[in-house]
Amino acid sequence: MSYTSDGKHMEEEVSQLDSTWESIFSNTAFAPPMLSEEERENLQKLACQAAETLKSKNKFLEDSIVDVIAPQLACLIAMPLSSSRSQTGIQLELCRPLDRCKSGDTALKLCEVIGHAEEFSFDQKGSRFIQEKLETATNEEKDIIFQEIRPLVMNLIIDMFGNFVIQKYYDYGSLEQIRELADILLGNVVNLTLHKYGCRALEVVDMDKRVSIAKELDGHVIQCSCDQHGNHVVSKIIECVPQELIDFIISSLSAEITSLSAHPYGHHVIQTLLECCDEASDRIVMVRHILQDLFALSHDQYGNYIIQHILENGKPQERSAIIQILSGNVLKMSKHKFASNVIEKGLRFGTPQEQCHMVDEILRFTNECDTLQMMAYDQYGNCLVQTALEVSNSEQLVNMISRINHYLNVAKRFTYELSFISMIEKLIQTGG
């Protein structure tokens with residue numbers, strides 16, 4: 001049961017309003033049979049809503065005055081609807097713009113939202129409506145809505161729906177509006193960087209403000225890089241801001257590169273850093289730290305992605321340094337869930353000479369151990385045998401097929417990859 005602001009039941013309020021209905025229905029626009037019974041009920045609901053609104057806005061307003069004003073307000077609001085009714089009649093609706101938006105009113109225009117932008121921005125459907133309309137709105141409409149929500153920017157940025165309205169202004173607002181939004185963010189960068197929705201606004205600011213935003217992260221780089229939201233902001237700054245302007249970020253990350261490489265969020269930042277950092281001196285320091293912990297990172301569920309990235313996208317000397325360290329450890333690493341991915345990248349992206357050395361290691365007998373056979377039987381290693389078949393030279397390929405043919409039947413009982421069996425059988429049939 002609902003209550004008005006003075007604590008009375010809604011039913012009591014409605015009964016008080018009943019006495020004034022004659023004044024409404026004496027108007028020829030609303031007199032029977034012009035209004036159906038259902039439309040009369042809707043008009044009465046509209047009056048109740050008007051009464052509730054009046055009392056919430058002014059608690060000292062006497063009930064007797066509200067009882068007179070509310071029905072008249074309902075009459076004025078409904079008049080345009082009534083005057084345009086068709087032969088079949090129409091429904092009198094509650095006219096709050098947000099209610100119309102939620103009900104799917106396609107006739108609602110952005111100009112009708114003026115004065116209601118706050119409640120629209122914090123509502124799921126209302127926010128989506130503003131976003132869609134801003135794409136085609138006039139400069140005047142965009143400016144009016146902007147001035148209305150400007151005092152609420154910090155609240156909207158961290159709101160589930162409001163943040164999308166702010167982002168839309170970055171896409172369709174004027175240059176002045178975009179800069180004004182960015183100015184509001186300054187001084188709050190760290191908190192916004194760590195916020196689920198706030199971080200999105202920082203990712204879309206223009207270049208002029210990204211440098212200022214980056215400077216606010218000084219002293220918080222590691223904290224933000226290890227955050228599930230903040231790592232995106234740090235990565236975006238690395239991608240978009242010239243290196244000479246963010247030296248403090250690069251040096252902070254380099255000092256903790258091993259631990260960050262093995263971090264569920266930090267490794268994304270390190271990968272971005274390796275992609276964007278071209279300064280030779282900085283890369284030498286970073287790669288040297290990584291090489292010192294190569295085996296630990298290769299066996300780590302996140303760190304192995306950093307090693308893979310260098311093997312696939314790094315400089316030739318960096319790739320060669322890694323492959324050289326991996327030499328002699330192919331069998332052991334090939335049987336590990338994460339390290340086997342590193343070996344696979346070495347096989348695919350090494351130089352022809354490096355590929356040849358790695359395949360030779362797979363074909364080697366060590367301490368009466370057939371490396372190829374053990375890898376073929378392993379759930380991870382057998383995938384590497386497939387890769388070795390693809391990159392081996394003709395002599396190595398013949399050797400591998402000949403040996404695998406001897407224990408193919410055993411491999412069928414152990415291998416986890418049917419595609420591997422199919423490939424071997426096809427190679428044997430065609431003679432490689």
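# Exercises on burial, contacts and salt bridges

Arg-150 counts as partly exposed, at 32% relative accessibility (buried means under 20% relative accessible area, exposed over 50%, partly exposed in between, with a 1.4 Å probe and protein chains only). This is a predicted model, in which local features need pLDDT of at least 70, side-chain atom pairs count only at pLDDT 80 or more, and totals for chains, interfaces and linings use all residues. Residues are numbered from 1 along each chain as its sequence is written, and side-chain values use heavy atoms, with hydrogens and water left out.

## Exercise 1

Describe the surroundings of Arg-150 and find its contacts beyond the neighbours within four places in sequence.

**Solution.** 
1. Locate the residue. Arg-150 sits in the loop between helix H8 (139-149) and helix H9 (153-157). Helices (H or I, at least four residues) and strands (E, at least two) are DSSP runs, numbered from the N terminus.
2. List the contacts. Apart from neighbours within four places, Arg-150 touches Glu-180 and Ile-184; contact means heavy atoms within 4.5 Å.
3. Compare chain and space. Leu-181 is 31 residues from Arg-150 along the chain, and their C-alpha atoms are separated by 8.2 Å.
4. Check for a salt bridge (a side-chain nitrogen of Lys or Arg within 4 Å of a carboxyl oxygen of Asp or Glu). Arg-150 forms one with Glu-180, with 2.0 Å between the closest N and O atoms. This pair links distant parts of the chain, since Glu-180 belongs to helix H11 (residues 175-185), 30 residues from Arg-150.

## Exercise 2

Decide whether Arg-283 and Glu-318 are buried or exposed, and state how their side chains meet.

**Solution.** 
1. Take the accessibilities. Arg-283 is buried because its relative accessible area is 7%. Glu-318 also has 7% relative accessibility, so Glu-318 is buried.
2. Look at the side chains. Those of Arg-283 and Glu-318 form a salt bridge, at 2.9 Å from N to O. Arg-283 is in helix H20 and Glu-318 in helix H23, 35 residues apart, so the pair joins distant parts of the chain.

## Exercise 3

Find which side chain of opposite charge is nearest to Arg-319.

**Solution.** 
1. Locate the residue. Arg-319 lies in helix H23.
2. Search for a partner. Lys and Arg count as positive and Asp and Glu as negative, while His and the chain ends are not counted.
3. List the contacts. Leaving aside neighbours within four places in sequence, Arg-319 is in contact with Leu-311, Glu-312, Gly-314, Phe-349 and Gly-350.

## Exercise 4

Work out why helix H22 is largely enclosed by the rest of the structure.

**Solution.** 
1. Count the buried residues. Helix H22 (residues 303-313) has 11 residues and eight of them are buried, so the helix is largely enclosed.
2. Name some. Among them are Gly-303, Ile-306, His-309 and Leu-311.
3. Identify the cover. The elements over these buried residues include helix H19 (266-276), helix H20 (280-292) and helix H25 (339-349).
4. Set the helix against the chain. The protein chain has 432 residues, of which 44% count as buried, and it contains 31 helices and two strands.
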